[in-house]
Amino acid sequence: MACRTRLDHTRFRELSLTYTAASFFAGIGGLDLGFERAGFAVTFQCEINPFCRDILEQHWPGVPRARDISKVTNAEIPASDIWTAGFPCQDLSLARMGPRDGLRGGKSGLFHEFMRLVRGALPRAVILENVHGLLTSHRGRDFAIVLKALDECGYGVAWRVFDSKYFGVPQQRRRCFIVGVHRDARSAGKVLFEPERSDGHLTSRGHNGKKSPSLFQTVVGDPVKGPLTKALAHCIYAESARHTGTDWSRNYVWYPDGRVRRFTSNEVERAQGFPVDWTLPQAGSCFDSDRIESKRYHAVGNSVTPQVAEWVAHRLGCVLRDQCVEQLRGTDLMRTTPCQLGEHAVAVCA
Ligand SMILES: C[S@@+](CC[C@H](N)C(=O)[O-])C[C@H]1O[C@@H](n2cnc3c(N)ncnc32)[C@H](O)[C@@H]1O
């Protein structure tokens, strides 16, 4: 123990304790839940929608919460290691099937408000999440704006499109994750890519060489009583088929007697990987009970699959700890014995 008193305590804390995360455009906390499961502590949330704010308060009571990002100042954001932002996708989404305003749009353009705050604090890492339409909006010029903004702030950046169906979630949902690590050109790539894995793709053929049925073709449920549904849901959108014709016109549940219905909000919650009743307001909530179903559906359609966020967060945590160990090489701290560093740090240093 004598050794500990000679150490730089901030760095010792970093090796053995939790990292902190501030969440912007927090929605119902899909990113927050994933980061928390990976060991991060949520320090701050920013979200304008009253229903989402209620759900956030249910799951993160007492966490400071701001409303409109355009009114937030750096002074109100607690110091946090990483910042996350699943910024609005309305002006970028291909599901809109029309001209896209991209980052000039009133909603997706809130990215610039996020960057205003990033410039004022330069957190150690930032994680952005959006629809993959971000990559093609204005022929890629919008994505170039995102990369340039992060680069100008000193972030080394990597991006990758993930599909929720590869994370144990029964939904095809492709989303772009962008990771920026401050003053570090290599770490973002280490978070998102896995050189330790082979480049093999999942084969669509079974052991007998025959093509296996797609999960969309596979039907689950009771063939006599129902309900029946496809094993894999099409991407769930917040706005549903009213605008796009893409969501519940394809995602539905049916019964052998011919009845058909859209998914309930409990079912979309499960197809998004959330715990049961995650978006069910507590008794006494001020929301009109008739409208709760559509509010839940909308919020879940907008959210991030927590399992994908957890995967990214877990790898980011490992990279940040590696970075810290690297900086500590040759210092007193690295000369301490493993038991003095604590269980987690042993794994990091090994
Ligand atoms: C794509 S969703 C993010 C969902 C979130 N990542 C999750 O997992 O639930 C974008 C969110 O930004 C919020 N938003 C829109 N305008 C905002 C503003 N001016 N300030 C703060 N949040 C805003 C929306 O209400 C919405 O919940």
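Val 191 touches Ala 158, Val 179, Val 312, Arg 315, Leu 316 and Val 319, not counting residues up to four places away in sequence, where two residues are in contact if their C-beta atoms, placed from the backbone, lie within 7 Å. The structure is a predicted model, in which local features need pLDDT of at least 70 and side-chain atom pairs count only at pLDDT 80 or more, while totals for chains, interfaces and linings use all residues. Residues are numbered from 1 along each chain as its sequence is written. The protein has 13 helices and 11 strands, these being DSSP runs (H or I of at least four residues for helices, E of at least two for strands) numbered from the N terminus.

- Val 191 is found in helix α7 (residues 187-192), and it is buried because 25 other C-beta atoms lie within 10 Å; a residue counts as buried with 20 or more other C-beta atoms within 10 Å of its own, as exposed with 12 or fewer, and as partly exposed in between, the C-beta atoms being placed from the backbone.
- Between Val 191 and Val 319 there are 128 residues of separation in sequence, yet their C-alpha atoms are 6.7 Å apart in space.
- The largest nonpolar core has 76 residues, and those with the most contacts inside it are Phe 114, Val 179, Val 312 and Leu 316; such a core is a set of buried Ala, Val, Leu, Ile, Met, Phe, Trp, Tyr and Cys residues joined through C-beta atoms within 7 Å.
- Helix α11 (residues 306-328) gives the most to this core, with eight residues.
- Domain 1 (20-194 + 303-349) and domain 2 (219-280) both give residues to this core, so it lies between them; the domain bounds come from an automatic or database domain assignment.
- Val 312, leaving aside its neighbours within four places in sequence, is in contact with Ile 127, Phe 177 and Val 191.
- Across the protein, 38% of the 350 residues count as buried, and among contacts between residues at least 6 apart in sequence, 65% join residues at least 24 apart.

**The seven-stranded sheet**

- Seven strands form an open sheet with mixed pairing, in the order β3-β2-β1-β4-β5-β7-β6, where two strands pair if DSSP finds at least two bridges between them.
- The edge strands of this sheet are β3 and β6, each of which pairs on one side only.
- Strand β7 (residues 174-182) is mostly covered, with seven of its nine residues buried.
- Strand β5 (residues 125-131) runs antiparallel to β7 and is joined to it by seven bridges, with Gly 180 in β7 as the bridge partner of Val 126.
- Strand β6 (residues 155-163) also runs antiparallel to β7, through nine bridges, and Tyr 155 stands opposite His 182 in β7.
- Strand β2 (residues 41-46) and β3 run parallel and are joined by two bridges, and the bridge partner of Cys 46 in β3 is Ala 66.

**The ligand shell**

- The ligand is surrounded by 22 residues, of which the closest are Phe 25, Gly 27, Gly 30, Gly 86 and Ser 303; a residue counts as near a molecule if its C-beta atom, placed from the backbone, lies within 6 Å of it.
- By class, this shell has 12 nonpolar, eight polar and two charged residues, where Ala, Val, Leu, Ile, Met, Phe, Trp, Tyr, Cys and Pro count as nonpolar, Asp, Glu, Lys and Arg as charged, and the others, Gly among them, as polar.

**Loops and backbone geometry**

- Most residues other than glycine have a negative phi, and most peptide bonds are trans.
- His 138, in the loop between β5 and α6 (141-152), has a positive phi near 50 degrees and counts as partly exposed, with 15 C-beta neighbours inside 10 Å.
- Arg 139 is found in the loop between β5 and α6; its phi is also positive, near 55 degrees, and the residue is exposed, with 9 other C-beta atoms within 10 Å.
- The peptide bond from Gly 226 to Pro 227 is cis, with omega near -5 degrees, and Pro 227 has its place in the loop between β8 (219-221) and β9 (228-230).
- Val 63 lies in the loop between α4 (50-59) and β3 (65-66) and, leaving aside its neighbours within four places in sequence, is in contact with Val 42, Thr 43, Phe 44 and Gln 45.
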